[in-house]
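This report describes one protein chain, working from single side-chain pairs out to the whole fold. Please keep the sequence and the model at hand while reading.

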Amino acid sequence: MTRSSLSRLLAAALLLGGARASWAASVSWDGGGGDGNWYSATNWSNDAVPTGADDVTIDQAVTVTVDHSSPAIAFVNLNIGGSAAAMLRLSTGGFGTGLTVSNLGTLEFRSTNTFRVNDFFLNSGGRILGSTGPAAEAGGVNLVVAYSGTIAAGALISASSGGYAGGGSGACP
């Protein structure tokens with residue numbers, strides 16, 4: 001194969017998806033709807049409910065709720081907390097590429113639905129809670145991490161019952 005042919009082949013591979021690029025829109029919670037509901041469009045900076053094509057940030061002193069009758073949430077990356085006591089109270093499932101819960105951030109599970117991400121970061125001061133709520137919303141933590149997870153010193157995971165089921169390097173049986 002000539003050098004020119006190899007260059008064309010490489011260019012074609014890059015154009016056809018050989019390289020990964022993030023085209024996600026940045027969306028942040030602004031609370032404009034005033035009701036704390038994830039599915040109220042006016043609560044978001046772009047006045048639209050986040051989709052699987054969005055990088056989502058909740059970094060205000062707020063409890064954002066997703067009711068058990070709502071569909072699963074979708075995102076590219078979800079960031080909770082950082083500089084304000086932000087909580088996402090999830091009574092349904094969810095899926096995305098990355099999840100980061102930072103200082104003052106809380107992700108509270110109120111269902112047994114699966115919350116699936118590729119990469120997970122629980123930073124110091126971040127919390128993951130399994131909670132009991134109304135019968136239709138009682139549940140535990142059902143977080144599935146496909147590739148990598150990091151739990152920093154000073155982070156908290158609390159589930160009232162259950163345990164850890166996992167596989168791969170360093171997993172508990």
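With which side chain does the side chain of Asp55 make a polar contact? The partner is the side chain of Asn77, at 2.9 Å. A polar contact here is a pair of N or O atoms within 3.5 Å; within protein, one must be able to donate a hydrogen and the other to accept it, and residues adjacent in sequence count only if both atoms are side-chain atoms.

The model is predicted: local features need pLDDT of at least 70, side-chain atom pairs count only at pLDDT 80 or more, and totals for chains, interfaces and linings use all residues. Residues are numbered from 1 along each chain as its sequence is written, and side-chain values use heavy atoms, with hydrogens and water left out.

**Overall make-up**

Along the sequence the order is α-β-β-β-β-β-β-β-β-β-β-β-β. Of the 173 residues in the chain, 32% are buried. Buried stands for under 20% relative accessible area, exposed for over 50%, and partly exposed for values in between (1.4 Å probe, protein chains only).

The chain exposes about 9300 Å², and carbon and sulfur atoms supply 54% of that area. Accessible areas come from the Shrake-Rupley method with a 1.4 Å probe; for residues, only the protein chains shown count as cover. A contact is defined by heavy atoms within 4.5 Å. Among contacts between residues at least 6 apart in sequence, 42% join residues at least 24 apart.

Asp55 belongs to strand S2 and is buried, with a relative accessible area of 18%. Four of the five residues of S2 are buried, so this strand is largely enclosed by the rest of the structure. Strands count as paired if DSSP finds at least two bridges between them. S2 pairs with strand S1 (residues 25-28) in the parallel sense over four bridges, and Ser28 has Thr57 of S2 as its bridge partner. S2 also pairs with S5, again in the parallel sense and over four bridges. In that pairing Asp55 stands opposite Asn77, the residue whose side chain it contacts at 2.9 Å.

**Strand S6 and its partners**

Four of the five residues of S6 are buried, so S6 too is largely enclosed by the rest of the structure. Five bridges join S3 and S6 in the parallel sense, with Val62 opposite Ala86. S6 and S8 also run parallel and are joined by five bridges; there Leu90 stands opposite Phe109 in S8.

Ala86, in strand S6, is buried, with a relative accessible area of 1%. Leaving aside neighbours within four places in sequence, its contacts include Ile58, Val62, Ile80, Leu104 and Thr106. Thr57 is 29 residues from Ala86 in sequence and 9.8 Å from it in space, C-alpha to C-alpha.

**Salt bridges**

How many salt bridges does a search of the whole structure find? There are two, each defined by a side-chain nitrogen of Lys or Arg within 4 Å of a carboxyl oxygen of Asp or Glu.

| Salt bridge | N to O distance |
|---|---|
| Glu108 and Arg89 | 2.4 Å |
| Glu108 and Arg110 | 3.8 Å |

Glu108 lies in strand S8 and Arg89 in strand S6, so their pair ties together parts that are 19 residues apart in sequence. Arg89, Glu108 and Arg110 are linked in a network of salt bridges. Glu108 is buried, with a relative accessible area of 6%, and Arg110 is buried at 16%. Arg89 is partly exposed, at 23%. Side chains of opposite charge can pair when their charged atoms come close.

**Nonpolar core**

A nonpolar core is a set of buried Ala, Val, Leu, Ile, Met, Phe, Trp, Tyr and Cys residues joined through side-chain atoms within 4.5 Å. The largest one has 25 residues, of which Trp38, Leu78, Leu88, Leu107 and Phe115 touch the most other members. Strands that each supply at least two residues of this core include S2 (54-58), S3 (62-66), S5 (77-80), S6 (86-90) and S8 (105-109). The largest share, four residues, comes from S9. In soluble globular proteins, nonpolar side chains tend to be buried together.
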